[in-house]
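Please open the model in your viewer and keep the selection tool at hand. The stops below say what to select and what is to be found there.

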Amino acid sequence: MLYLAMAVISSAMVSILMRISEKYVHGNMVMFCANYAACMAISLVYMGGIRSVVFESGIEIAVILGAVTGFLYLAAFILLQKNINCNGVIFSGAAMKLGGVLVPTVAAVLLFQERMKWFQLAGAVLAVVAIVLINMEKGEVSRGRRKQWLAILLLVSGFADTMANIFDKTGPSVLKNLYLFCTFFAALLIAWALVLKKRQQITTTDLLCGLLIGIPNYYSARFLLLSFESVPAVVAYPVFSVGTLIVISTTGAVFFRERLSRQKKVALLLILASLVMLNI
């Protein structure tokens, strides 16, 4: 459970650092390139260099699944931006968070026959209700919504999160660091291509912010992958999603003076209840 708690803290730190740096960053894709580069560098340190894994059995599984995960990670980010433009930040945030709970949980049950007890299932349902409540404030919904993009965002972000469990069940455990390296390498290549296409200017601030964000971003993925050794995926994913959400919400209220409406307070109470039920 310690790894899962560390994954939650690391994931929350990514959002908090992005919140702090948003006034300084001018090129999002440049920042993401630096972020993925930092993640790759840390992966190499843990891996001990590429040569240490070249002759390991099952290396093709780590490379292929890592490349697919990296593509899905960046695709989810691009889809989030598109959805914010046409569906608003509220619906978009809800779709992404719901994808992170529903798709990995359903995949764990259907693909790997993991079972949920009735109180864990009830906890997962409470988590979904809470995520909807915390993202569906009155008066914050944009007009002219294109719901098909919300569904695509939910699925892509959900499948991106699911890939870690797929590798854990099918890939060699000794190649976890290679899997993470390939994930961030693939995401870096695509992000860099987008930087060139959009002709975004590269600034020192964007690079430094990206490198700083890359540290917790790497450990979020690493700790989540390690948590599957002791926690079933059907429990790990809901706890990871709602735990991150409650840490971010609490930090926003305490340090950034963001006000919590009554609806969001109710949602946070539901999240606490769901975390208890999921961990009984």
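**A tour from one side-chain pair**

Begin by selecting Y219 and Y46, whose side chains are joined by a polar contact of 2.8 Å (a pair of N or O atoms within 3.5 Å; within protein, one must be able to donate a hydrogen and the other to accept it, and residues adjacent in sequence count only if both atoms are side-chain atoms). This is a predicted model, in which local features need pLDDT of at least 70 and side-chain atom pairs count only at pLDDT 80 or more, while totals for chains, interfaces and linings use all residues. Residues are numbered from 1 along each chain as its sequence is written, and side-chain values use heavy atoms, with hydrogens and water left out.

Stay with Y219, which lies in helix α7 (helices are DSSP runs of H or I, at least four residues, numbered from the N terminus). Leaving aside neighbours within four places in sequence, Y219 is in contact with S10, I42 and Y46, contact meaning heavy atoms within 4.5 Å.

Next, select helix α1 (residues 2-21) together with α7 (residues 204-227), whose axes come within 7 Å and cross at roughly 160° (axes are lines fitted to C-alpha atoms, for helices over the stretch in contact, and angles run from 0 to 180 degrees between N-to-C directions). That makes α1 roughly antiparallel to α7, a word used for angles over 145 degrees. The residues of this contact divide into 16 nonpolar, 6 polar and no charged (Ala, Val, Leu, Ile, Met, Phe, Trp, Tyr, Cys and Pro count as nonpolar, Asp, Glu, Lys and Arg as charged, and the others, Gly among them, as polar).

On the α1 side the meeting residues include L4, A7 and S11, and on the α8 side they include F240, G243 and V247. Here the contact divides into 10 nonpolar, 5 polar and no charged residues.

Finally, colour the chain by pLDDT, the predictor's confidence in each residue, from 0 to 100. The mean for the chain is 81, and 86% of its residues reach 70 or more. Among the elements of the chain, α7 has the highest mean pLDDT (92) and helix α9 (residues 262-278) the lowest (71).

How values were computed: Helix = DSSP H or I, 4+ residues; strand = E, 2+ residues; numbered from the N terminus. Parallel < 35°, antiparallel > 145°, perpendicular 65-115°, else oblique.
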